[in-house]
Amino acid sequence: MIFTDPITRLNHIIELSWYILFEKIVSEKLKINKESSLQLHLSKLIFDLGNIYCILPGENFEIEMETNHQDKSIDIVCILGNVKAAIELKCFMKISNRAKDLDSYDALKDIERLHNFSGFEVRKFICLTDNSYYPKTTLTGHGKSVMLKHGTIYPSNTEIIPGWAGKWKVDRDRPIIFPNDIICNWISKKNWHYWMVDVK
């Protein structure tokens, strides 16, 4: 069944594109080594499906990467007719040996940014990782306040203050606050894990 409502269709296009991409990554049909390759492959799928799902007279599909909006860069913006979607991506690869507490803060910050973007009927955050540390580890110390472990709930209108605030010389020390509850709900398959948030 194809929905005529463009918001429902745009949500479906993005989610179906992601599910296809994730299965290709898990099966090793596609190789992902960093966020830019994830962005490229997802954008291609969204563009192809978006054009297929143009079903109303005069309806068109557009997509952009690294779009400037309110002085911030959005990873992917797509438009179905008059309906716009903003998508933020994170890709945390085990081989990169990144600072995981800062990664976690960045992920939460992206969700907060999406909440604050105006002019979008659809807003999604997607995080992909091959490192089970993010969805499975209970953090202690400075990173405890921003951990992404599966099942973690960040209540609405409650400040998330990183444990390193005032202690480390990093830019990532500002409090984060969500207007709605955010739940870390990871999906895992083989060595891959993803977390998708439909930002309301």
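This note goes through the pocket, the backbone angles and the aromatic rings of the structure above.

1. Basis of the note. The model is predicted, with local features needing pLDDT of at least 70 and side-chain atom pairs counting only at pLDDT 80 or more, whereas totals for chains, interfaces and linings use all residues. Residues are numbered from 1 along each chain as its sequence is written, and side-chain values use heavy atoms, with hydrogens and water left out.

2. The largest pocket. The largest pocket holds about 330 Å³ of space, and of its 14 lining residues the closest to the centre are Lys72, Lys109, Glu112, Arg113 and Arg174. The search runs on a 1 Å grid over the protein atoms alone, where a cavity is a set of points at which a 1.4 Å probe fits but cannot get out, and a pocket is an open set with protein on both sides within 12 Å along at least five of seven lines; lining residues have an atom within 4 Å of a point. Grid points are joined across faces, edges and corners, and the volume is the space filled by probe spheres set on the points.

3. Composition of the lining. Helix α3 (residues 100–116) gives the largest share of this lining, seven residues; helices (H or I, at least four residues) and strands (E, at least two) are DSSP runs, numbered from the N terminus. By class, the lining has 10 charged residues, two polar and two nonpolar, where Ala, Val, Leu, Ile, Met, Phe, Trp, Tyr, Cys and Pro count as nonpolar, Asp, Glu, Lys and Arg as charged, and the others, Gly among them, as polar.

4. Arginine 113. This residue of helix α3 is buried, at a relative accessible area of 17% (buried means under 20%, exposed over 50% and partly exposed in between, with a 1.4 Å probe and protein chains only). Leaving aside residues up to four places away in sequence, arginine 113 touches Lys72, Ser73 and Glu88, a contact being heavy atoms within 4.5 Å.

5. Most residues other than glycine have a negative phi, and most peptide bonds are trans.

6. Phenylalanine 22 and tyrosine 194. The whole structure has nine aromatic pairs, a pair being rings of Phe, Tyr or Trp (its six-membered ring) with centres within 6.5 Å, and planes under 30 degrees apart count as stacked, over 60 as edge-to-face and the rest as tilted. The rings of phenylalanine 22 and tyrosine 194 have centres 4.7 Å apart and planes at 70°, so this pair is edge-to-face. The pair joins distant parts of the chain, 172 residues apart, with phenylalanine 22 in helix α1 (residues 6–26) and tyrosine 194 in strand β8 (residues 192–198). Phenylalanine 22 is buried at 3%, as is tyrosine 194 at 9%, and ring pairs link Trp18, Phe22 and Tyr194 into a cluster.

7. Tyrosine 133 and tyrosine 134. With centres 5.9 Å apart and planes at 85°, the rings of tyrosine 133 and tyrosine 134 form an edge-to-face pair. Tyrosine 134 is buried, with a relative accessible area of 5%, whereas tyrosine 133 counts as partly exposed at 29%. Lysine 100 lies over the face of tyrosine 133, at 5.3 Å from the ring centre; such a charge has NZ of Lys or CZ of Arg within 6 Å of the ring centre and within 35 degrees of the ring normal.
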